Amino acid sequence: MHEITVVQRLKSPKGISGLAILCSFIFIAIAAPFLTSYSPDDISSRPLLEPNSEHLLGTDDVGRDIFSNLLYGARTSLAVALIVSSGVLIIGTLAGVFSGYTGGNLDRVMMRGVDIFLMIPDLPLILILAAYLRPSLWNIIFILIVMGWPVGARITRAQTRTLRVSGHVDFARISGAGNWYVIKRHIVPDLYPIMITTIVMQSIRAILSESGLAFLGLGDPSYPSWGTMIKYAISYPLVFFTDAWMWWLMPAGVCITLLVLSFVLVGQALEGDK
Amino acid sequence: MDNSCLIKIDNVSKVFKRKGMFRNEPEVKALDNVSLTVKKGEVLGIIGESGSGKTTLGKLILGLLKPGSGNISFADIDNSSSQNGKPIVQVIFQDPYDSLSHMMTVEQLVAEPCIIQNRKNFDRNRIVLALESVGLTPVESFLHKYPHTLSGGQRQRVAIARAMITEPDMIIADEPISMLDASIGVDILNLMLDMKERTGITFMFITHDIAAAAYISDNIAVMKEGKIVEYGSREQIISDCCHEYTKSLLLSASTGTFNNTSFDDK
Amino acid sequence: MPLLDVKELSVNFSTKEGVHHVLKNVDLNINKGEIVGLIGESGSGKSTLAMTVLDINSRNREMSGNISFMEERIDNLKKERMRNIRGKHIGSVPQSSMNALDPLVKIRSQFFETIKAHTDMSRQEMLSLTARSLEMVGIDPLRMNSCPYEFSGGQRQRIMIALSMLLSPELIIADEPTTALDATVQLKITTLLKDVVQQKNTSMLVISHDLHTISRICDRIYIMYAGRIVETGTRDEILNDPVHPYTQKLLASRLPLMCEPVRVKGISGTPPSTLKKYEVCEFMERCDKVSDICRTVRPPECTGNVKVACHMECHLE
């Protein structure tokens, strides 16, 4: 995919709306300290306040400011998405290109290894590992990368196998190009579309998994998370009997949906969908 | 080795083994004891149907495949651009869509063999000259185009320009016109003939079309089922061939000629 | 009344880059029992004509003019009715048809599929029909239980022809039936097409970029350039006495099979863009017989009794 095409495609209605949502979340995440004066962990006021000018979305059952939790939660979600997707991308692409390009028995062994990883059901393993390891954000990121890279490697390897026997690679070899040149100039550029898809898909997966684990109580309590917010809101017995769910439960859910939606829109726009 | 020879192919065989999951599939004998010499400055036509091993032969010379048995020897060449005294062999592939990376501009594509060979210092003028020599003028309008915006004939011209830019001793053209319209294909053949007249380059022209081979080649080798069944000069092949297969090829090429036979009284 | 009658057909496609004028005022007719060749280079619109007749390219398409088949207008038929005509009354051998068969489905099932879509025959009748049509194209009927991947390219092309003839359609449209085949196989396939048409007494439209391979079976030939018919005539007229400079150049670009080295001239220049609207002759840029009148006036259209879309023809008279 050429730079021009990428820009053109992102200029479609889907691309623009996706980017707009994504950028506003990034802005919120970066500017969180300036947008709210409360720290997300501080017990800043009386519990269960309704929204007012000081607490835009009120407070939760222990008196923390919901609005600032929401802002700092964006940080967590985006950071997890960024680290996991780039981790999967780097490891997956390296492994896939290496395996596909080398071929032969090494390729066979590596792909069987990948198959084993792919056979293990994702969520149960994450649950078990998250339960055994200390619940920390870095453990979650680690697990998501470990479970995610085989998918990237598989797709990258398939594409590399096709490219390795294509005419332009043959031509470069005949002209005297070494392996490194072929990989750098002929294989990796052709993998860009796959890489973009990997980033988008893995970001979505990371955001949903992180929130999901936090919701199940396996998240990192030291980082504010939308999943944790939903968990506390739901476990508060009276949340649905008062209006509290409107500012306590719903905003976090809406944020998760919107952030995932923005990635989906950007991904679809990059695939040429208008 | 004889002085006039560029490449000598000696009793070369190539067998492709197909590995099945539980048992090995039957072997495919792509080349069966092929011997052939390529003379300096000639156009050697290789004719054969699909599966006759003609592309495998080209790939063996190019070093993309290794011969199963027999050997391919290259003449020693005094050529400043060749490092180890071996002749430089370049290639033009059949499919101009697959052989040009769609991520590169025409300029990058043509410059690629130079960049691979001597990294940084190459003359940008050579790209312009190469593109001019294949008739892609005005050059400026083509330099920054991507291959998918070019027509099939133009792409094949880019492929020729990039094969020629390192001043090779020999070019293997593997079905370069089979995917092009007939009238465009003639232009590409003419371009190759011009190149040969101007630079004295050796061509190996692989094709399934005897008319195209007869048009461009000095000598012709006919291949069938991995063997060379007939070899001779153009005149020999066209006017007095002996092998049945060559005869059937000639027949299929000439029944279309409207002034000697019409279809019905064939 | 001809079997297929295309009149003043113009087809445009609107895309992001603009409007592509693919077919411009095309007149074409096929009589019963005739083999008609449609020759043009890639991008000249010859395949679009075939697809428009079959109505399988209706996306983003704007068309004017009319198409009649067996004295019935078929250019704005309902989808159901058109589907009924395709396959039963108009058979088609699509481009790269060697790959048009599902490689892993038995030949028999693929034939049955077509039969069932249009008729209600018994299993026994279907079997015998399939066997007969395979036999006609020289494929052993016993092999109808094999899958297409077990056949060579030429054999698959034969099977495809058998499939298109299965329900004895009145017209067959063959798009580049010999491209991508070996030279010796090309000869066999063209011979087969001719035989089949004679045997079944149908008509055929053969589309190709290769005048020489196809001309040997055609009764009449249309030459298409940049979406326009530029010359039409019987095979002998076109081959022995071409008038339009494009036809002349096409014929001259044939590679001779001669002992002495000769040079043949191709057609220089590039085909015109379909995005541009031409006020004068489209071939002017590549023509070497341009006169003053070419630069100002459109040549006559190839309709009715006009057989050549070139000013030269008028001057000759």
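**Cysteines and backbone angles in a predicted model**

The sulfur of B:Cys241 lies 6.8 Å from the closest cysteine sulfur, that of B:Cys242, which is too far for a bond. A disulfide is a covalent link between the sulfur atoms of two cysteines; here the term stands for a pair of cysteine sulfur atoms within 2.5 Å. B:Cys241 is buried, at 12% relative accessibility, where buried means under 20% relative accessible area, exposed over 50%, and partly exposed in between (1.4 Å probe, protein chains only).

This is a predicted model, in which local features need pLDDT of at least 70 and side-chain atom pairs count only at pLDDT 80 or more, while totals for chains, interfaces and linings use all residues. Residues are numbered from 1 along each chain as its sequence is written, chains are lettered from A and ligands numbered from 1 in the order in which they are written, and side-chain values use heavy atoms, with hydrogens and water left out.

Over all chains, the count of disulfides is zero. A:Cys255 is in none, and its nearest cysteine sulfur, in A:Cys23, is 16 Å away. A:Cys255 is also buried, with a relative accessible area of 12%.

The backbone is the next topic. Most residues other than glycine have a negative phi. B:Asn11, not a glycine, has a positive phi of about 45°. This residue belongs to strand β1 (residues 5–16) of chain B; strands (E, at least two residues) and helices (H or I, at least four) are DSSP runs numbered from the N terminus. B:Asn11 is partly exposed, at 42% relative accessible area.

C:Glu176 also has a positive phi, near 50°. C:Glu176 sits in the loop between β7 (171–175) and α6 (183–200) of chain C, and is buried, with a relative accessible area of 7%.
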